[in-house]
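Here is a short report on one protein chain. Please look at the fold first, then at the residue pairs described below.

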Amino acid sequence: MGDALRKWLTDPSWVLRLVDVGLVLALTYMVLVIIGERRTLWVVRGFIILMLASVLSKSLDLFLLSFVLDKLVVGSAVAMAVIFQSEFRRFLEQLGRGEIMQLFHHPGRVMPKQDSVTDEIVDAVKELSQNRIGALIIMETSSPIDEQDFSVPGVKLNAEVSKELLQTIFQTSTLLHDGAVLIAGSRIVAAGVILPLSERTASRQLGTRHRAAMGITERVENCLCIVVSEETGSISLAERGVLNRPLTSSKLKELLELRFSPSSDERAVAPIRTLGRQIGSGGQAVFGRLFGWLGRLFGSRSSSRDKK
């Protein structure tokens, strides 16, 4: 029994498979550390699922499905390289400088807190309301909104939330002021988004922006919609097709702070950060023990051969 186990453990193919799996896990972890944001982690998760499905289809000899999944994996890899070009550039720079161990540590960049993002949005809405400039702002509350829920997806921006940028977008002299702004986390994802209108009977005091806010929140549950009336400057907040109006800027800030919990993002990323600290503190020791054990194993095998 012991000889059979030793023979199986010292099989070179088994060692290669172990190294292969370890390298894939290490590479996957480095990608997760580089990304480190809740929204983009879903993209990485989908890519990993595609890779696992491709491997499974090959093992089951599903040739046609394996061919299709292989093409999807390649296409997804190219798309991710474009989407995360800044992260991949930093990854290649560190790899070229030989800073391999630093890739296993979170870069420690300071992400904007939800409180500061809320302050920027509320300040922008307050200024727009005082100047009676119409505005329509969609805020994701959990999972991303599917673009198919919009009548027109709008123009991609991918910019940090700031009150100056929001006020600029909704100025009547800009080309994007008629549509809505989509905000996910601390990023302005798109502007000029055209939303579906609610089919419910609404008050005559409500304009197109209010009906659009009701329409998108009726169709999509994981979002809020802030409306600033162009005629009166009043502020409204729509959720699940219901308008809360009129609101003051302080009341809007209170509602947004209650709706968005900063701990939700921390819970989403916390497992990765915890894993990072564990690997960072004990990774070298684990790899040292592994290679030491393999060295002793192969050394004992070679010494037994020499004795023979």
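Buried means a relative accessible area under 20%, exposed means over 50%, and partly exposed lies in between (1.4 Å probe, protein chains only). Ser54 has 5% relative accessibility, so Ser54 counts as buried. The model is predicted: local features need pLDDT of at least 70, side-chain atom pairs count only at pLDDT 80 or more, and totals for chains, interfaces and linings use all residues. Numbering starts from 1 along each chain as its sequence is written, and side-chain values use heavy atoms, with hydrogens and water left out.

## Overall make-up

The chain has ten helices and seven strands. Helices (H or I, at least four residues) and strands (E, at least two) are DSSP runs, numbered from the N terminus. Of the 308 residues, 36% count as buried. The accessible surface of the chain is about 18,500 Å². Carbon and sulfur atoms supply 59% of that surface. These areas come from the Shrake-Rupley method with a 1.4 Å probe; for residues, only the protein chains shown count as cover.

A contact means heavy atoms within 4.5 Å. Among contacts in the chain with a separation of 6 or more, 62% are between residues 24 or more positions apart.

## The sheet and its helices

Seven strands form an open sheet with mixed pairing. Their order is β2-β4-β3-β1-β5-β6-β7. The edge strands are β2 (155–160) and β7 (242–247), and each pairs on one side only. From one strand to the next, the twist averages 20 degrees. Two strands pair if DSSP finds at least two bridges between them. Strands of a sheet pair through backbone hydrogen bonds, either parallel or antiparallel.

Strands β1 (residues 135–140) and β3 (residues 180–184) run parallel and are joined by three bridges. Across this pairing, Ile137 stands opposite Val181 in β3.

Helix α8 (residues 208–219) packs on the sheet. α8 touches β1, β5 (223–228), β6 and β7. The direction of α8 makes about 175 degrees with that of β5. Helix α9 lies across β1, β5, β6 and β7, and runs at about 20 degrees to β6. For these angles, axes are lines fitted to C-alpha atoms, for helices over the stretch in contact, and angles run from 0 to 180 degrees between N-to-C directions.

## Around Ser54

Where does Ser54 sit? Its place is in helix α3 (residues 38–59). Leaving out residues up to four places away in sequence, Ser54 touches Ser66, Leu69, Asp70 and Val73. Asp70 lies in helix α4 (residues 63–83). Asp70 also takes part in a salt bridge, with Lys58.

## Salt bridges

How many salt bridges does the structure hold? There are eight. A salt bridge is a side-chain nitrogen of Lys or Arg within 4 Å of a carboxyl oxygen of Asp or Glu. Side chains of opposite charge can pair when their charged atoms come close. The table gives some of these bridges.

| Pair | N to O distance | Relative accessibility |
|---|---|---|
| Lys58 and Asp70 | 3.7 Å | Lys58 47%, Asp70 26% |
| Glu239 and Arg259 | 2.8 Å | Glu239 28%, Arg259 32% |
| Lys251 and Glu254 | 4.0 Å | Lys251 34%, Glu254 40% |

The side chains of Lys58 and Asp70 meet at 3.7 Å, N to O. This pair links distant parts of the chain: Lys58 is in helix α3 and Asp70 in helix α4, twelve residues apart. Lys58, at 47%, counts as partly exposed. Asp70, at 26%, is partly exposed too.

In the bridge of Glu239 with Arg259, the closest N and O atoms are 2.8 Å apart. This pair also links distant parts of the chain, 20 residues apart: Glu239 is in strand β6 (residues 235–239) and Arg259 in helix α9 (residues 249–259). Glu239 counts as partly exposed, and so does Arg259.

Lys251 and Glu254 both lie in helix α9. They are three residues apart, about one turn of the helix. Lys251 is partly exposed, as is Glu254.

## Cysteines

How many disulfides does a search of the whole structure find? It finds zero. A disulfide is a pair of cysteine sulfur atoms within 2.5 Å. For Cys223, the closest cysteine sulfur is that of Cys225, 6.6 Å away and too far for a bond. Cys223 is buried, with a relative accessible area of 0%. Cys225 is also buried, at 0%.
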